[in-house]
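I opened this notebook to record what I looked up about the pockets and cavities of one protein model. The entries follow below.

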Amino acid sequence: MAVPPTKEASTFRKTAETFHADAKTLPQRYFVSPEIFVQEQEDIFSTQWMLVGHQSQLAQAGDYFVAAVASETLIVIRDKRGESHGFYNVCRHRGSRLIEDRNGQLSAAIQCPYHSWTYALDGRLLGAPHMDDVPGFSKADYSLHPVNVAVWEGFIFANLADSPAPLEDWFAPLAGKFSRWNLPSLLSARRIEYDVRANWKLIFQNYSECYHCAGVHPELSKVSPSDSAENDMTEGPFLGGFMRIASDKSLTMSGDTCALAVGDFGDEDSRFVFYYSIFPNMLLSLHPDYVMVHQLLPQSPERTLILCDWFFHPEAFGREDFKPDDAVEFWDMINKQDWHVCELSQQGIASCAYKPGPYSPRESIPAAWDEYYLRMMK
């Protein structure tokens with residue numbers, strides 16, 4: 001169980017302790033170089049556990065969604081036994097893309113649209129027209145190529161590596177930390193896709209500090225003061241902390257709570273919102289009445305697709321006081337403000353005048369994120 005910040009405030013006040021006075025932003029090449037982007041695909045996105053979805057997207061047998069990881073397209077699907085699988089979206093015959101729709105429901109099988117090779121929901125080849133006449137051909141040799149998938153707190157992750165460390169080992173430092181928010185049981189009420197003309201690292205860095213909030217987010221600062229930010233995770237792949245919410249307010253357009261609480265929070269605990277970045281493509285924002293998740297999909301050195309979901313308590317959906325748009329509209333406004341300044345940063349960094357600048361003590365988390373990123377880039 002996460003410890004209420006008011007009961008262990010000292011653990012959150014680590015900004016000054018972990019900040020290095022000589023910390024500077026990354027050199028230009030990390031934001032504009034095609035070679036660096038290719039290296040990131042190889043060293044990070046093809047070897048790390050990547051967020052691809054939530055288990056609520058696979059509620060029934062045959063439910064699937066298509067996910068992008070590095071340069072690959074994957075099928076994530078639930079079979080008839082209730083198990084989730086990941087496969088490369090590639091037919092074993094002549095390589096055709098198997099599924100074009102981003103999500104859907106299959107009754108019994110995956111069938112190639114080209115030559116009708118047909119696969120079970122667990123990847124086994126069931127049918128291959130006219131291949132029985134080929135000497136030595138065996139269906140057992142042509143199952144779909146699998147991809148590692150695993151679930152953490154209801155979120156589905158995929159890893160392209162042959163033998164990655166188990167997902168539970170990767171998330172061991174976070175064991176039980178977010179249990180109060182009941183993440184596995186939540187349901188998404190809305191998804192917005194953003195196409196941001198900025199490097200993916202700028203999205204992480206912007207999310208990880210509120211040094212910019214007073215000027216960029218006046219609406220947010222009114223209900224969650226930027227100087228209330230404290231951090232409880234200050235190194236490694238998991239970074240972040242909390243900010244205080246003004247009394248009797250919620251981070252919504254109206255300022256009112258928009259849904260049934262996602263967990264059992266006391267009066268004091270409900271006055272905080274927690275923000276965590278999970279390397280390399282997840283931003284997790286934990287509110288008392290909803291959870292917001294950003295999934296980053298880097299497209300090029302200068303472009304990032306971002307999938308943003310708003311999750312709510314499943315019982316909230318049938319209540320008269322359920323107003324998800326109150327939260328969605330608020331954060332859609334804040335998101336767009338963030339994406340704008342990230343795009344301005346991308347434009348400026350591309351200039352010959354750009355040189356790495358010094359981080360302030362209030363940017364200790366972006367500085368720590370840079371350090372971890374560079375370690376992953378070997």
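**Pockets and cavity**

I noted that the lining of the second largest pocket divides into 18 nonpolar, 14 polar and six charged residues. The model I examined is predicted.

I then asked which elements give two or more residues to the lining of the second largest pocket. The space in the second largest pocket is about 540 Å³.

I turned to the largest pocket and found a volume of about 780 Å³. Its lining has 39 residues, and V66, A67, R102, R191 and L307 lie nearest the centre. By class, I listed 20 nonpolar, 13 polar and six charged residues in the lining of the largest pocket.

Finally, I asked how many cavities of 30 Å³ or more a search of the whole structure finds. The search finds one. I noted about 30 Å³ of space in the largest cavity. R180, W181, F265, D269, F272, F274, L286, H287 and P288 form its lining. I counted these by class as six nonpolar, one polar and two charged residues.

Note on methods
Residues numbered from 1 in each chain as written. Predicted model: local features only at pLDDT ≥ 70, side-chain atom pairs only at ≥ 80, totals over all residues. Heavy atoms only, no water. 1 Å grid on protein atoms, 1.4 Å probe; cavity = no way out; pocket = protein on both sides within 12 Å on 5 of 7 lines; lining within 4 Å. Points joined across faces, edges and corners; volume = space filled by probe spheres on them. Nonpolar A, V, L, I, M, F, W, Y, C, P; charged D, E, K, R; others polar. Helix = DSSP H or I, 4+ residues; strand = E, 2+ residues; numbered from the N terminus.
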